[in-house]
Amino acid sequence: MTISYLKQGKPDAERAEDDAKTRKIVEDTLQDIENYGDAAIRALSAKFDKYEPASFRLTTSEIEAAIQKVSARDMDDIRFAQTQIRTFAEAQRASMTNIEVETMPGVILGHRNIPVQSVGCYVPGGKFPMVASAHMSVLTAQVAGVPRIVASAPPVNGAPHPAIVAAMHMGGAHEIYVLGGMQAVGAMAIGTQTIDPVHMLVGPGNAFVAEAKRQLYGRVGIDLFAGPTETMVIADETVDAELCATDLLGQAEHGYNSPAVLVTNSRKLAEDTLTEVGRLLEILPTADTAGISWRDYGEVILCDTYDEMLDVANDIASEHVQVMTDRDDWFLEHMHSYGALFLGARTNVANGDKVIGTNHTLPTKKAGRYTGGLWVGKFLKTHSYQRITTDQAAAEIGEYGSRLCMLEGFVGHAEQCNIRVRRYGGRNVAYGKAVE
């Protein structure tokens, strides 16, 4: 059994150095927002986006004007995507039910799924304005029943991006801001003189947005800790190099540090894919981005067996895992660490990113080992409750509670139980003593 690298990416140490620089910049920026509020975000918007409006929040008429700039075909496509995403989100929501159970006579336990009360949804702009991110965050929060949904995206060419505004509005955003980057997530989480803070931040973004969310976690909730887009293709000889190379580069174009990994048990496919990547980079319009990602972060891993392929895939825990083999369902059954699976050659990550209906905000940097991606359940908090309805149950539970509290040395806790044993059970329990 051997696992070998035909191509390997940058070592982790170099990546950590980049992270440290980003961390310091974000820390200083968030402190400025904390200290100076609107003045800070206005200065940051002017510096990074060359955008200084009278108000960063769009009015109803400004939203309508932006939507009018979106072509009929684009509006139809947005509606189709949102229908797909809404349908799946509603099915997920229906699977989450409130429960109530009587565990013994007179003892009733239950839980309720309650929406987070306010959410800030960030939608990236920059080189690739991500219209789809508005569906994934805003619409999913709306299906969950969040009563205040704030959405923010940077300006594009000095103005609100019409299709992003349309998607936010159609998805159910209550407030729409034209504000980008770490200043947007900082303003939504910390609050300013004109922006009320939210309880939770969601949505993808660049390294500075991801770091800002990390530093703000605890002050607010977040969907997940996100890094650069990652993709993995698990393939055997049932598919060809053109398909593998296309799917690797399709995600590598996200940024200059987007890992793309091929895991295969076919040396021929591995070598052919390396050649095909080179050919496609000669004709791909986004090769200036995808090529750097592939050069620095692309990997081709050759395994002997499917079990080795599975072990490698679970260890890397990639954000997107595309499986194109003669045993796709076997991988579905045995994969346990990933963001989302894309099964079969007919399926691809781009469909998941934009339209098929599952959410594209997914765990990166091995976070798939302990969390899934954004979904309707992320916007719901499951709160338990208890009720005792009979004297007998109050006394019986109280007896056990009294002794278990004293076992741990919590005398005050024990008295909470004892007083109920006295009142509802009619027993004379000495103060500060366990029920005998």
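I started with the nonpolar surface patch: Tyr217, Phe225 and Tyr370 make one of about 360 Å². Patch members need over 30% relative accessible area and no salt bridge, and nonpolar side chains (Val, Leu, Ile, Met, Phe, Trp, Tyr) are joined within 5 Å, like charges within 9 Å. Areas are Shrake-Rupley with a 1.4 Å probe, and for residues only the protein chains shown count as cover.

This is a predicted model, so I kept in mind that local features need pLDDT of at least 70 and side-chain atom pairs 80 or more, while totals for chains, interfaces and linings use all residues. Numbering runs from 1 along each chain as its sequence is written, and side-chain values use heavy atoms, without hydrogens and water.

I looked up Phe225 next and found it in the loop between β8 (221-222) and β9 (231-235); helices (H or I, at least four residues) and strands (E, at least two) are DSSP runs numbered from the N terminus. Phe225 counts as partly exposed at 34%, the class between buried (under 20%) and exposed (over 50%), with a 1.4 Å probe and protein chains only.

Then I checked salt bridges (a Lys or Arg side-chain nitrogen within 4 Å of an Asp or Glu carboxyl oxygen). I get 17 by this rule. Arg23 pairs with Glu211, closest N and O atoms 4.0 Å apart. Arg23 sits in helix α1 (residues 12-36) and Glu211 in helix α8 (residues 207-216), so the pair ties together parts 188 residues apart in sequence. Glu211 also bridges to Arg214, at 2.7 Å, and I noted Arg23, Glu211 and Arg214 as a linked network. Glu211 is buried at 9%, whereas Arg214 is partly exposed at 37%.
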